[in-house]
Amino acid sequence: MILLGIDTSGKTASVAVCDEKSVLAQTSVLTRLTHSQIIMPLCTEVLRNAGLPLNAVDGIAVSKGPGSYTGLRIGVSAVKAMSFAMTKKCIGISTLESLAYNMSGFNGVICTVMKARMNLVYTAFFTSYKDTIKRIFDDTILTIEDIVSRLSSYHGDIVLVGDGAEELFLNEALEGLENITLAPPHLRLQLASSLCYVAFEKQFGTAETLEAEYLQITKAEKDLMAKQA
């Protein structure tokens, strides 16, 4: 099975083509251009590097959130369009679960953490042993204080992954906790290949059922609620 993976949930846009045994091609780009400007050219480039036409792909995986509202809409919309046009199956994958797979092979607890707003972060914890990663709790939003409290309650090895990982690692409340480490820079942010390897373990659906999951209400929803109040 060959998958095309697309992640536009953060500042980095990442696209990969993978089969169950290897990453056939991958490109990740941090740019001032919007994801809508670069995501399709990236798909074309990655498929060309893999030596495959688009119709050789068996399914498409996309990050469904949490993350940037605009980025998620761009990625999900692109995948829905491709899935409809080619009648390919597709699937939305939790950004936080995909980040956990960056650290496949780590033995301990993986804490995935992404910046939300103010003093809030998106987070989920996973247990990891060899090549098996299992979720501890669902994607949620916590304050920095709450996540520090949860981390302090674990006594085994912990690795922090995501765009909020470094700031959390430097939190003075975690000083002296030698069991907590920071993922290396090249594995800290979203990778479309990790997205694919989560997707290989899931049940695929169709474009009709694919939706972004924001965890927070969008600005448009907030504005509407304010007008109705």
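Let's begin with Asn 179, which counts as buried, with a relative accessibility of 16%. That label follows because buried means under 20% relative accessible area. Please keep in mind as you browse that this is a predicted model.

**Asn 179 and its surroundings**

- Asn 179 sits in the loop that runs between α5 (165-169) and β11 (180-182).
- Its side chain has a polar atom 2.8 Å from the backbone oxygen of Gly 156, and the side chain of Asn 179 also reaches the backbone oxygen of Tyr 154, at 3.3 Å.
- With neighbours within four places in sequence set aside, the contacts of Asn 179 are Tyr 154, His 155, Gly 156, Asp 157 and Ile 158.

**Nonpolar cores**

- In soluble globular proteins, nonpolar side chains tend to be buried together.
- Here, the largest nonpolar core holds 28 residues, and Met 103, Ile 110, Val 159, Val 161 and Ala 199 have the most contacts inside it.
- Two or more residues of this core come from each of β2 (12-19), β5, α3 (95-101), β6 (108-115), β7 (120-129), β10 (158-161) and α7 (192-199).
- The largest share, five residues, is supplied by α7.
- Another core, of 27 residues, lies apart from the largest one, and Val 15, Ala 25, Val 57 and Ile 60 are among its members.

**The helix α7**

- How many residues of α7 are buried? Seven of its eight are, which leaves α7 mostly covered.
- The buried residues of α7 are Ala 192, Ser 193, Ser 194, Leu 195, Cys 196, Val 198 and Ala 199.
- These buried residues pack against β1 (2-7), β2, β3 (23-30), β4 (59-65), β5 and α3.

**Pockets**

- Rolling a probe the size of a water molecule over the atoms shows where empty space is left.
- The largest pocket has a volume of about 310 Å³.
- Its lining is made of 18 residues, and those nearest the centre are Ser 9, Gly 10, Lys 11, Lys 115 and Asp 163.
- By class, that lining has six nonpolar, seven polar and five charged residues.
- The second largest pocket contains about 210 Å³ of space.
- Lining this second largest pocket are 16 residues, of which Lys 64, Ile 91, Gly 92, Ile 93 and Leu 210 are the closest to its centre.
- Strand β5 (residues 89-94) contributes five residues, the largest share of the lining of the second largest pocket.
- That lining divides into five nonpolar, six polar and five charged residues.

**Backbone details worth a look**

- Most residues other than glycine have a negative phi, and most peptide bonds are trans.
- A cis peptide bond, with omega of about 5°, joins Gly 65 and Pro 66; Pro 66 belongs to the loop between β4 and α2 (69-86).
- Thr 87 is not a glycine, yet its phi is positive, at about 50°.
- Thr 87 is placed in the loop between α2 and β5. Is Thr 87 buried or exposed? With a relative accessible area of 73%, Thr 87 is exposed.
- Met 118 also has a positive phi, near 55°, in a residue other than glycine. You will find Met 118 in the loop between β6 and β7, where it counts as exposed at 83% relative accessibility.

Terms used:
Residues are numbered from 1 along each chain as its sequence is written. This is a predicted model: local features need pLDDT of at least 70, side-chain atom pairs count only at pLDDT 80 or more; totals for chains, interfaces and linings use all residues. Side-chain values use heavy atoms; hydrogens and water are left out. On a 1 Å grid over the protein atoms alone, a cavity is a set of points where a 1.4 Å probe fits but cannot get out, and a pocket is an open set with protein on both sides within 12 Å along at least five of seven lines; lining residues have an atom within 4 Å of a point. Grid points are joined across faces, edges and corners, and a volume is the space filled by probe spheres set on the points. Ala, Val, Leu, Ile, Met, Phe, Trp, Tyr, Cys and Pro count as nonpolar, Asp, Glu, Lys and Arg as charged, and the others, Gly among them, as polar. Helices (H or I, at least four residues) and strands (E, at least two) are DSSP runs, numbered from the N terminus. Buried means under 20% relative accessible area, exposed over 50%, partly exposed in between (1.4 Å probe, protein chains only). A polar contact is a pair of N or O atoms within 3.5 Å; within protein, one must be able to donate a hydrogen and the other to accept it, and residues adjacent in sequence count only if both atoms are side-chain atoms. Contact means heavy atoms within 4.5 Å. A nonpolar core is a set of buried Ala, Val, Leu, Ile, Met, Phe, Trp, Tyr and Cys residues joined through side-chain atoms within 4.5 Å.
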